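Subject: Structure for your files

Hello,

Here is the structure I said I would pass on. My notes on it follow below.

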Amino acid sequence: MNGHSGGTIPRQGVTERQRGGDMPEVSDGDAAGAGGRRVTPPAPAPAATTKAKPTSRVRMSAAQRREQLIATGRQLFAERGFDATSIEEVAARAKVSKPVVYEHFGGKEGLYAVVVDREVRALLDRITTALTAGHPRELLEQAALALLGYIEEDASGFRVLVRESPLMSGTANFSSVMNDVAHQVEHILGAEFKSRGYDPKLAELYSQALVGMVALTGRWWLEVRKPRKETVAAHLVNLAWNGLSHLEAKPTLITSRRH
């Protein structure tokens, strides 16, 4: 007998684990009451991901779209020429529909005309601006360097010009630019011929020959790109100037003298 009535009193210090039961999980704040045992709380459920909205394409103004199409057409005409370029290719590269191209230019011919006209004006302005010297030899150097500089810095534009299309008139192509330059050279040569006792009427012939020589050399240099442009210009001027310095007043062909 233990002196207590009414049943057996449970012994102190018996825990739930000793009874074979499980200890309930406790928070960090209740860890002290659980004998210092820390229990990691369950990880929170991952937040639901939201789909990023696709970035909307910025709409171009009519002027911006026109410039984009001109730049695209210029590149394609330089790469492939007029005949091998199609409106479908222009539209695809510019990421627009064909009707947009037709709306701005009416067709491939209209786009090509705008591209060529711009290049003609750019090249002509470059050459005429460069012709500032008074001495004929310096003018030759300036014209040669201006053309070679254009080829070096804007090869695509030059390719557009030299890939002439049968659809274009004689007022908007590479030949027309060279003709304009030749006319300016003609006036200078005319005065020079007169002062040296040569027939000034022949200045037109010589100006066409000189400008043509530079133009054809430029087309060749477009592909080879060596030697450097200053060297090419120096040799062109050497040939042209030394030839002009020793002109015969009335030249004849050697073959004709034998008959």
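A residue is called buried here when its relative accessible area is under 20%, exposed when over 50%, and partly exposed in between, with a 1.4 Å probe and protein chains only. This is a predicted model, so local features need pLDDT of at least 70 and side-chain atom pairs count only at pLDDT 80 or more, while totals for chains, interfaces and linings use all residues. Residues are numbered from 1 along each chain as its sequence is written, and side-chain values use heavy atoms, with hydrogens and water left out.

The chain as a whole

The protein chain has ten helices and zero strands (DSSP runs, numbered from the N terminus: helices are H or I with at least four residues, strands are E with at least two). Of its 259 residues, 34% count as buried. The protein chain exposes about 17200 Å², and carbon and sulfur atoms supply 54% of that area (Shrake-Rupley method, 1.4 Å probe; for residues, only the protein chains shown count as cover). Among contacts with a separation of 6 or more, 64% are between residues 24 or more positions apart; contact means heavy atoms within 4.5 Å.

Helix α9

Helix α9 covers residues 229-245, and its 17 residues should span 24 Å at 1.5 Å a residue, which agrees with the 24 Å between its end C-alpha atoms. The expected span is 1.5 Å times one less than the number of residues. Buried in α9 are Lys229, Val232, Ala233, Leu236, Val237, Ala240, Trp241 and Leu244. They sit on the same side of α9 because they cover an arc of only 145° around the axis, taken from the directions from the helix axis to the C-beta atoms. These buried residues pack against α5 (136-153), α7 (174-196) and α8 (203-224). The face turned away from the buried side carries the exposed residues His235 and Leu239.

Lys229 counts as buried because its relative accessibility is 15%. Leaving out residues up to four places away in sequence, Lys229 touches Leu145, Leu148, Gly149, Glu152, Glu153 and Trp221.

Thr85 and the annotated region

Thr85 lies in the loop between α1 (62-84) and α2 (87-94). With 2% relative accessibility, Thr85 counts as buried. Its contacts, again without residues up to four places away in sequence, are Leu76, Phe77, Arg80, Val90 and Lys108.

UniProt, in an unreviewed entry, places the feature "DNA-binding region" at residues 86-105; such annotations may be inferred rather than shown by experiment. In the model, residues 86-105 are 80% helix and 0% strand, with end C-alpha atoms 13 Å apart.

Regards
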